[in-house]
Each structure stands twice: as structure tokens, then as C-alpha cells.
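Open the structure in your viewer and keep the selection tool handy. We will take the stops one by one.

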Amino acid sequence: MSDFCNRLQQLKKDNNLLQKTIAIDNGLSLRAYQYYERGEREPSLSTLISLANYFNVSLDYLVGRTDKPEINK
């Protein structure tokens, strides 16, 4: 499973969220979010940004390029 999938699942768990909640809050269908979490589809850049903002983590963290979730500004 990809780092992105693992990070999504872990962030969901850490924040005690449901897939449905994350999907609705990010303007996604439940099925689309499930595809992303299972690694069956890759999200668009705008969806990646939306998810990173939602979880307040950097894009690099979300996609597995770093283990530091902090956003560099």
C-alpha cells in the first residue's frame, strides 16, 4: 500500500473521523474517497491540497515524501 493510502488511513484514525465525514467535508463522493484510501485511484492536485488543508498537514507529508507533518511557510 502506498504512503499516501497509509497516511490517509492514519490521519482518519488519529482524528476519529469517518470516511463519509472526510468525503463530505472535502466535496468528494464516499466512493471516491474510498478509492483514494485503498490506492485504487489517485486524487487530483486540487483534491490533494484540500485533504492536506483539511488535516492541517503538508502535501509532502500526505504523499509520503517526509515524515514531518508540519507545513513549511
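Predicted model: local features only at pLDDT ≥ 70, side-chain atom pairs only at ≥ 80, totals over all residues.

**A walk around α1**

Now step back and select residues 3-14, which make up helix α1. From first C-alpha to last, its twelve residues reach 16 Å, close to the 16 Å expected at 1.5 Å a residue.

Next, colour Phe 4, Cys 5, Arg 7, Leu 8, Leu 11 and Lys 12, the buried residues of α1. They sit on the same side of the helix because they cover an arc of only 165° around its axis. Show α2 (19-25), α3 (30-38), α4 (45-55) and α5 (59-62) too: the buried residues of α1 pack against these helices. Then turn to the face pointing away from the buried side, where you will find the exposed residues Lys 13 and Asp 14.

How many salt bridges does the structure hold? There are four, and we will visit some of them.

Select Asp 67 and Arg 7: their closest N and O atoms are 2.7 Å apart. Asp 67 is exposed at 64% relative accessible area, whereas Arg 7 counts as buried at 14%.

Now pick Glu 37 and Lys 12, whose side chains meet in a salt bridge at 2.9 Å, N to O. Here Glu 37 is buried, with a relative accessible area of 5%, and Lys 12 is buried at 17%.

Finish at Arg 38 and Glu 40, another salt bridge at 2.9 Å, N to O. Arg 38 is partly exposed at 41%, and Glu 40 is partly exposed at 47%.

Note on methods
Residues numbered from 1 in each chain as written. Heavy atoms only, no water. Helix = DSSP H or I, 4+ residues; strand = E, 2+ residues; numbered from the N terminus. Expected span 1.5 Å × (residues − 1). Buried < 20%, exposed > 50% of the residue type's maximum accessible area, 1.4 Å probe, protein only. Arc of directions from axis to C-beta. Contact = heavy atoms within 4.5 Å.
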